[in-house]
Amino acid sequence: LRLVRRSISSSRLLRMPIKVGDELPSIELDEGSNESRVNILELFKGKTGILFAVPGAFTPGCSKTHLPGYIQDFQKFKDKGVDLVACVSVNDPFVMSAWGEAHKTEGKVRMLADTNAEFSKAVDLTVDARVLGGIRSKRYSMVVKDGRVTALNIEPDGYGLTCTLAEKILDQL
């Protein structure tokens, strides 16, 4: 009889979604191409910003409502002291770049690809979206000041368009 020992990792069991007061994890995301890497924590250091995530680029709710609201309200964000607005999605950088071009985000919303869902997993905001190809980011929005989350909105079902829209986060600035 041979005994096999397995170690059980408690960190997986204790994992909790990012919350107000937490610092963003230091994770590299792709912007524009797979050769342009951006450290999400460094991007928000010394700045007031908005970070929002969508389950998928070019999907109906994301393309017709979520992203356009942040583009449309960009000046309102700037007027309230926001230095940076960024969108994250578990897509490849070429898709995120094309989606940004299609919606004319340049100079307004930075389009960041979480290609392997590393950031989404690190903040524990993933959803199993088989219809979109597997693990994706939940839909959320947050205000980030100097790399720390000061306001956070997560759609209860991970997909909806209730608490994460641009006009909702304006009130949290």
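Trainee: How many aromatic pairs are there by this rule?

Mentor: A pair of aromatic rings is described by the distance of the centres and the angle of the planes. Rings of Phe, Tyr and Trp (its six-membered ring) pair if their centres lie within 6.5 Å; planes under 30 degrees apart are stacked, over 60 edge-to-face, the rest tilted. The count here is three aromatic pairs. The model is predicted: local features need pLDDT of at least 70, side-chain atom pairs pLDDT 80 or more, while totals for chains, interfaces and linings use all residues. Residues are numbered from 1 along each chain as its sequence is written, and side-chain values use heavy atoms, without hydrogens and water.

Trainee: What is the geometry of the pair Phe58 and Trp99?

Mentor: Tilted, at 6.3 Å centre to centre and 50° between the planes. Phe58 lies in the loop between strand 3 and helix 3 and Trp99 in helix 5, so the pair ties together parts 41 residues apart in sequence. Helices (H or I, at least four residues) and strands (E, at least two) are DSSP runs, numbered from the N terminus.

Trainee: Is Trp99 buried or exposed?

Mentor: Buried means under 20% relative accessible area, exposed over 50%, partly exposed in between (1.4 Å probe, protein chains only). Trp99 is buried at 0%, whereas Phe58 is partly exposed at 46%.

Trainee: Which type of pair do Tyr70 and Phe77 form?

Mentor: Stacked, with 5.7 Å between centres and 25° between planes. Both Tyr70 and Phe77 are buried. Ring pairs join Phe52, Tyr70 and Phe77 into a cluster.
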